[in-house]
Amino acid sequence: MKVGILNLFFGLNYGAVLQAYALQTVLERMGHQCEMIHYYYDWLKERHNFRSRHPFLSSLKHAFMFPLTATGLWHDDFPKKQRLFQKFLKKLHVSSNEYLNLAQAADLETKYDRFICGSDQVWCFHLEFPDPFLFLEFVKDPIKKNAYAISANTPEVPEKWKNHLAKILREFHHVSVRETNLAKTYEEISQRNIPVLLDPTFLLTAEDWKKEETLLPYSNYILFYPLECPIEVCAYTYQLSKKTGLPVIQIGEREFCKEIQAKYVTCGPGEFLSLVRNATHIVTNSFHGMAFSIIFNKNFLVSYGQSPYRKAMNGRFDTIIEKFNLQNRIFNESSDIFTEINYAPINATIQNEQEKSFAYLQKIFEDFPRSR
């Protein structure tokens, strides 16, 4: 069958791109033809396409910052990072048309036999209402409407939108989510069973991912991947480097935790895979930083989100931590990253969860409608 996949694969975000690639790969191995529907949030386009839409302002900024860049006082990593992401994105089969709103999607239903939305941060309430495009509201045939391992920026749904969301959820052929707390919320709202399944990145093996990496010439280092910068996590990473004598390589936000004196590496998804796989220790507060640490069987610590925005998303850590019994990898003042993780039972659990996820995906392609 021809499958239209809908997720936010185009941002400069390692997890977003890699989960999209994983879902595409798994569906193609099942014998389906896949296409990523190129849907661009206006707000995300604003964030990531400033340079292309405002070349004069971008050039002016570059000219102003050039003296600081030349002296190392300011770094513009965006152009290189964008190039590296664009290189990896060539692995995705993206629709030739770009869609900006629901009105432009009128012809989409006839192009695909199934639609699958998911996984990473697809259904979010940071806007007035979650985008109807991402809820597949342009699809009229319920058999075609499916969601895999959906995640959201919060499990909370504003009261005024619950009835409408209940209607949307009931219209899907199959719906699954990535977080346990999100499943509970959606089950209460929709009165239907919502299974919790693996993030797509877990559906490929470490060997699969190794084939997709861009190998970098680093070894014996601590990988530090912060999305925010708690002082205690920075201090721990700094002391870990002093204790082990290992250098720190930092990815993500350059401006975080400069006191660590880390080597900052600008990287795309392929380089990210190499840096995770070859790290000696990993300290992160990224979900996919944690996910790939587990996939590659690394010693790691994960720090939960502390800002209000990131606290709302801590359920994504809880689900994985509980599923794999990794409570001792949550960062706290007494954290011990040197305790080896017994990955044998974890890898066995991943295999069992993969089977559940593959079975769920197979059901999506059954032609009979879900009983209501």
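Reader: Is Tyr 14 buried or exposed?
Author: Tyr 14 is buried, with a relative accessible area of 2%. Buried means under 20% relative accessible area, exposed means over 50%, and partly exposed lies in between (1.4 Å probe, protein chains only).

Reader: What kind of model is this, and how are residues numbered?
Author: This is a predicted model, where local features need pLDDT of at least 70 and side-chain atom pairs count only at pLDDT 80 or more, while totals for chains, interfaces and linings use all residues. Residues are numbered from 1 along each chain as its sequence is written, and side-chain values use heavy atoms, with hydrogens and water left out.

Reader: How many aromatic pairs are there?
Author: The structure holds 22. Rings of Phe, Tyr and Trp (its six-membered ring) pair if their centres lie within 6.5 Å. Planes under 30 degrees apart count as stacked, over 60 as edge-to-face, and the rest as tilted.

Reader: How do the rings of Tyr 14 and Phe 272 sit?
Author: Their centres are 4.8 Å apart and their planes are at 5°, so the pair is stacked. Tyr 14 is in helix 1 (residues 14–29) and Phe 272 in helix 10 (residues 269–277), so the pair ties together parts 258 residues apart in sequence. Helices (H or I, at least four residues) and strands (E, at least two) are DSSP runs, numbered from the N terminus.

Reader: And Phe 272, buried or exposed?
Author: Phe 272 counts as buried, at 0% relative accessibility.

Reader: What about Tyr 21 and Phe 88?
Author: Those ring centres are 5.7 Å apart with planes at 70°, so that pair is edge-to-face. Tyr 21 belongs to helix 1 and Phe 88 to helix 5, 67 residues apart. From C-alpha to C-alpha, the two are 9.4 Å apart. Both Tyr 21 and Phe 88 are buried.

Reader: What else does Phe 88 touch?
Author: Beyond residues up to four places away in sequence, Phe 88 touches Val 17, Leu 18, Tyr 21, Glu 212, Pro 269 and Gly 270. Contact means heavy atoms within 4.5 Å. The charged end of Lys 91 also sits over the ring of Phe 88, 5.2 Å from its centre. That label needs NZ of Lys or CZ of Arg within 6 Å of the ring centre and within 35 degrees of the ring normal.

Reader: New topic. How many residues of helix 11 are buried?
Author: 9 of the 9 are, so helix 11 (residues 287–295) is largely enclosed by the rest of the structure.

Reader: What happens after helix 11?
Author: Asn 297 follows helix 11, and its phi is positive, near 60°.

Reader: Which order do the strands of the open sheet have?
Author: The 5 strands run 9-8-7-10-11, with parallel pairing. Strand 9 (263–264) and strand 11 (299–302) are the edge strands, and each pairs on one side only. Two strands pair if DSSP finds at least two bridges between them. Strand 10 (residues 281–284) and strand 11 have 4 bridges.

Reader: Last one. Which residues touch the most other members of the largest nonpolar core?
Author: Among them are Trp 123, Trp 209, Phe 272 and Ile 294, in a core of 102 residues. Helix 1 supplies the largest share, 9 residues. A nonpolar core is a set of buried Ala, Val, Leu, Ile, Met, Phe, Trp, Tyr and Cys residues joined through side-chain atoms within 4.5 Å.
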